[in-house]
Amino acid sequence: MSQPPTVGGRPLTPAPGAPTPELRVAKFRGHARRLVWPALILVASAGAVGYFYGNLPAPFENWMLVAAAAVAVFFLALLPFLAWWSRTYTITTRRVIERYGMLSTHRRELTHVRGYTIQVRRGPLQRMWGAGTLVLSNAVDEPLRLVNIPSVGLVHEALVDQVEVSQILAHRDAQALTPPPLPDGAASAR
């Protein structure tokens, strides 16, 4: 299937007043470097159980070792992984969506048409990993924070492009809805 021709790599714009489909530009999670410690705890727990199973002193039993390892893995490896997995950020052609929560999900949106400022914050570790935090603020709602985003420069550029395109399309559609001015002679003929 061939793609429609584009100008400069951008998709063709719809006709003025025509509905524009909402397309997904990107979907991502925070940087996975948060999972280094949970992964190390998982490996260490598996190694400790394998080493000590059957070699415990007299008052301890093997089920105690397995239970302690299961509790450690649950609280120190599985829960941090699920917390990371449950937070997603989606950029579409109309808005930015943040979804988070394990048992009950929460959702926040920020539309591109209203416009917003984008702040990039990068600490030393974030710079080392190529990550950063984006703060999107439209001066009306609470700022939307995209925390530890991988390839933060690329995401920042995509957001700037989407805001610009959305505002251009909104302005063009607003101009198309207003009637053109009448010529000077047409106004007196009525």
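**Entry 1: the charged cluster**

I started with Arg-107, which is partly exposed at a relative accessible area of 42%. I kept in mind throughout that this is a predicted model.

Which residue does Arg-107 form a salt bridge with? I found Glu-109, with the closest N and O atoms 2.5 Å apart. Glu-109 is partly exposed too, at 36% relative accessibility.

Next I looked at Arg-95 itself. Is Arg-95 buried or partly exposed? Buried would need under 20% relative accessible area. Arg-95 has 21% relative accessibility, so it counts as partly exposed.

Arg-95 has a further salt bridge, to Glu-22, at 2.7 Å from N to O. Glu-22 lies in the segment before S1, and 73 residues separate it from Arg-95 in strand S3. I noted Glu-22 as partly exposed, at 29% relative accessibility.

Glu-22, Arg-95, Arg-107 and Glu-109 are linked in a network of salt bridges. For the whole structure I logged five salt bridges.

**Entry 2: the four-stranded sheet**

How many strands are in the open sheet with the order S1-S2-S3-S4? I count four, with antiparallel pairing. S1 (24-28) and S4 (106-111) stand at the edges. Each has a single partner strand, so one side of each is left without a neighbour in the sheet. The twist averages 15° from one strand to the next.

I checked one pairing in detail. S3 (residues 95-100) and S4 are joined by six bridges in the antiparallel sense. Which residue in S4 is the bridge partner of Val-96? It is Leu-110.

**Entry 3: the three-stranded sheet**

I moved on to the open sheet with the order S5-S6-S7. Its three strands pair antiparallel. S5 (117-121) and S7 (144-150) are the edge strands, and each pairs on one side only. Neighbouring strands here are turned by 20° against each other on average, direction ignored.

I checked S6 against S7 as well. Five bridges join S6 (residues 131-137) to S7, and the two run antiparallel. One residue I looked up was Ala-131, whose bridge partner in S7 is Pro-150.

**Entry 4: the core**

How many residues does the largest nonpolar core have? I read off 16. Those with the most contacts inside the core are Val-96, Tyr-116, Leu-134, Leu-136, Leu-146, Val-155 and Leu-159. Strand S2 (88-92), S6, S7 and H4 each give two or more residues to this core. H4 gives the most, with four residues.

I cross-checked Val-96. This residue is on the list of most contacts in the core, and it is also the bridge partner of Leu-110 in S4.

I stayed with helix H4, which spans residues 152-177 and holds Arg-172. Arg-172 counts as partly exposed, at 23% relative accessibility. The C-alpha atoms of Arg-172 and Ala-15 are separated by 9.7 Å, although the two are 157 residues apart along the chain.

**Entry 5: the nonpolar surface**

Last, I turned to the surface. Which residues form the nonpolar patch there? I listed Val-71, Phe-74, Phe-75, Leu-76, Leu-78, Phe-81, Leu-82, Trp-85, Met-102 and Leu-103. Together they have about 1000 Å² of accessible area.

Leu-76 belongs to helix H2 (residues 62-85). At a relative accessible area of 46%, Leu-76 is partly exposed. The cut-off for exposed is over 50%, so I left Leu-76 in the partly exposed column.

Conventions. Residues are numbered from 1 along each chain as its sequence is written. This is a predicted model: local features need pLDDT of at least 70, side-chain atom pairs count only at pLDDT 80 or more; totals for chains, interfaces and linings use all residues. Side-chain values use heavy atoms; hydrogens and water are left out. Two strands pair if DSSP finds at least two bridges between them. Axes are lines fitted to C-alpha atoms, for helices over the stretch in contact, and angles run from 0 to 180 degrees between N-to-C directions. Patches are made of residues with over 30% relative accessible area and no salt bridge: like charges are joined within 9 Å, nonpolar side chains (Val, Leu, Ile, Met, Phe, Trp, Tyr) within 5 Å. Accessible areas come from the Shrake-Rupley method with a 1.4 Å probe; for residues, only the protein chains shown count as cover. A salt bridge is a side-chain nitrogen of Lys or Arg within 4 Å of a carboxyl oxygen of Asp or Glu. Buried means under 20% relative accessible area, exposed over 50%, partly exposed in between (1.4 Å probe, protein chains only). A nonpolar core is a set of buried Ala, Val, Leu, Ile, Met, Phe, Trp, Tyr and Cys residues joined through side-chain atoms within 4.5 Å.
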